[in-house]
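Dear colleague,

Please find below the structure that I am handing over to you, with its sequence. My findings follow directly after it.

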Amino acid sequence: MGEGSTDTPQGVGHGKTEEFGHVPVLLKEAIDFLAVQRGGTYIDATVGLGGHSLEIAKRLGAAGRLIGFDKDPKALEIAKGVFGRSSSVVGQNTKADWPTIELRHGSFAELANDQRPKTNDGVDGILADLGVSSLQFGDPARGFSFQAEGPLDMRMNPMSEPTAEQVVNQFDERELADLIYEFGEERRSRRIARAIVRSRPILTTAQLAAVISTAARPMNQAERRIHPATRTFQALRIFVNRELDDLRKLLQAAPQLLKTGGRLVVISFHSLEDRIVKDAMREGATLGLYKLLTKKPVTASEVEIDRNPRARSAKLRAAGRV
Ligand SMILES: C[S@@+](CC[C@H](N)C(=O)[O-])C[C@H]1O[C@@H](n2cnc3c(N)ncnc32)[C@H](O)[C@@H]1O
């Protein structure tokens, strides 16, 4: 959210990081479920362009602390600018009332080991807004989108390996088919993997999308509604960024990180993620670690979806530490 943002009557800004076209999803709902306490300590596991973080920071006051993670150093740079500008906006938060914000470049999975924040009795809340930001998706040079020509990269963290290009050109057909099936839930995975192997080398997003489109023509009306490359691109992105492993580690660490009464809020964007979150929260509730705050996932209103199409697939689940 930039300097030009305004507050709604509920006190939650619209959250649009205007210059990057990124609109935080389910912003009011996430902030409400976090129930941010003045003076508290919060973790934003996915800072992105700082939309959710900013709303948390505005409620913390000088005694509060926000610890933010992102794999993407560019996102953290932008978020730092957003916080810097907002902390000096007159009439909103003065510098004297601004919390301590620590930004860490790396995966939130590190919370499971050495990156655990030092606190007396744990943190008051953890938010994870999973997936990619508009900054990443909208930049053809990052290679996330099949709708724009770009290198096959797809890494959130430019220091990590492998790139999507390495996977597409080096994995054998069987490995490719398995990962497209597992992480893309793509029924045509074998056909797509065979076509990829025959068309190598594949160096760009558009080239890969064309290979998939030829190999996996839609069989029925339902398949026609999404681009044939959608599921394969999702699979490559999840694999390249180890998204599901990282999520499992965060969810495993969360009960130890949260103090009693602390809140865990997770926004996911596809069924693989949502299933992991749902299972972890339910298991935590069975073990007496959590009280579930959302029986069914919270989804975006039509108004929000109109304003921000990315919100269409968002599912928010929340739990309180007991
Ligand atoms: C949907 S965006 C978050 C947007 C943010 N809530 C906002 O309002 O601007 C997701 C961000 O999480 C980051 N990310 C995804 N998985 C991560 C992980 N395992 N560890 C750290 N950051 C991650 C991505 O790089 C991306 O910047």
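Ser 53 touches Asp 44, Val 47, Leu 66 and Phe 83, when residues up to four places away in sequence are not counted. The residue has its place in helix α2, and its relative accessibility of 1% makes it count as buried. Please bear in mind that this is a predicted model.

Ser 189 is found in helix α7 and, at 4% relative accessibility, counts as buried. With its neighbours within four places in sequence left aside, Ser 189 is in contact with Ala 177, Ile 180 and Tyr 181.

Lys 80, in helix α3 (residues 73–86), is partly exposed, with a relative accessible area of 49%. Lys 80 and Leu 49 are 31 residues apart in sequence, while their C-alpha atoms are 8.6 Å apart in space.

I turn next to the ligand. It is surrounded by 25 residues, of which the closest are His 52, Asp 70, Phe 108, Asp 129 and Gln 136. A polar backbone atom of Gly 50 is 3.3 Å from an oxygen atom of the ligand, and a polar backbone atom of Gly 51 is 3.2 Å from an oxygen atom of the ligand. In the case of Phe 108, a polar backbone atom is 2.9 Å from a nitrogen atom of the ligand. On its own the ligand has 600 Å² of accessible area, and the protein covers 99% of this.

In helix α8 (residues 205–215), the buried residues are Thr 205, Leu 208, Ala 209, Val 211, Ile 212 and Ala 215. Around the axis they cover an arc of only 160 degrees, which puts them on the same side of α8. The elements that cover the buried residues of α8 include α5, α7 (189–199) and α10.

The aromatic side chains come next. The count is 3 aromatic pairs. In one of them, the rings of Phe 171 and Phe 239 have centres 5.5 Å apart and planes at 85 degrees, so this pair is edge-to-face. Phe 171 lies in the loop between α5 (164–170) and α6 (173–184), whereas Phe 239 lies in helix α10 (residues 230–240), so the pair ties together parts that are 68 residues apart in sequence. Phe 239 counts as partly exposed, at 26% relative accessibility. The rings of Phe 183 and Phe 239 also pair: their centres are 6.2 Å apart and their planes stand at 45 degrees, so this pair is tilted. This pair links distant parts of the chain, with Phe 183 in helix α6 and Phe 239 in helix α10, 56 residues apart. Phe 183 counts as buried, at 14% relative accessibility. Phe 171, Phe 183 and Phe 239 form one aromatic cluster.

Most residues other than glycine have a negative phi, and most peptide bonds are trans. Leu 26, in the segment before α1, has a positive phi near 45 degrees; this residue is buried, with a relative accessible area of 0%. Ala 35 follows α1 and is found in the loop between α1 and β1. Its phi is positive, about 50 degrees, although Ala 35 is not a glycine. Ala 35 is partly exposed, with a relative accessible area of 29%.

Which residues are joined by a cis peptide bond with omega of about 0 degrees? Another joins Arg 200 and Pro 201, with Pro 201 in the loop between α7 and α8.

Yours sincerely

Notes:
Residues are numbered from 1 along each chain as its sequence is written. This is a predicted model: local features need pLDDT of at least 70, side-chain atom pairs count only at pLDDT 80 or more; totals for chains, interfaces and linings use all residues. Side-chain values use heavy atoms; hydrogens and water are left out. Rings of Phe, Tyr and Trp (its six-membered ring) pair if their centres lie within 6.5 Å; planes under 30 degrees apart count as stacked, over 60 as edge-to-face and the rest as tilted. Helices (H or I, at least four residues) and strands (E, at least two) are DSSP runs, numbered from the N terminus. Buried means under 20% relative accessible area, exposed over 50%, partly exposed in between (1.4 Å probe, protein chains only). A residue is near a molecule or strand if one of its heavy atoms lies within 4 Å of it. A polar contact is a pair of N or O atoms within 3.5 Å; within protein, one must be able to donate a hydrogen and the other to accept it, and residues adjacent in sequence count only if both atoms are side-chain atoms. Accessible areas come from the Shrake-Rupley method with a 1.4 Å probe; for residues, only the protein chains shown count as cover. Contact means heavy atoms within 4.5 Å. The arc is that of the directions from the helix axis to the C-beta atoms.
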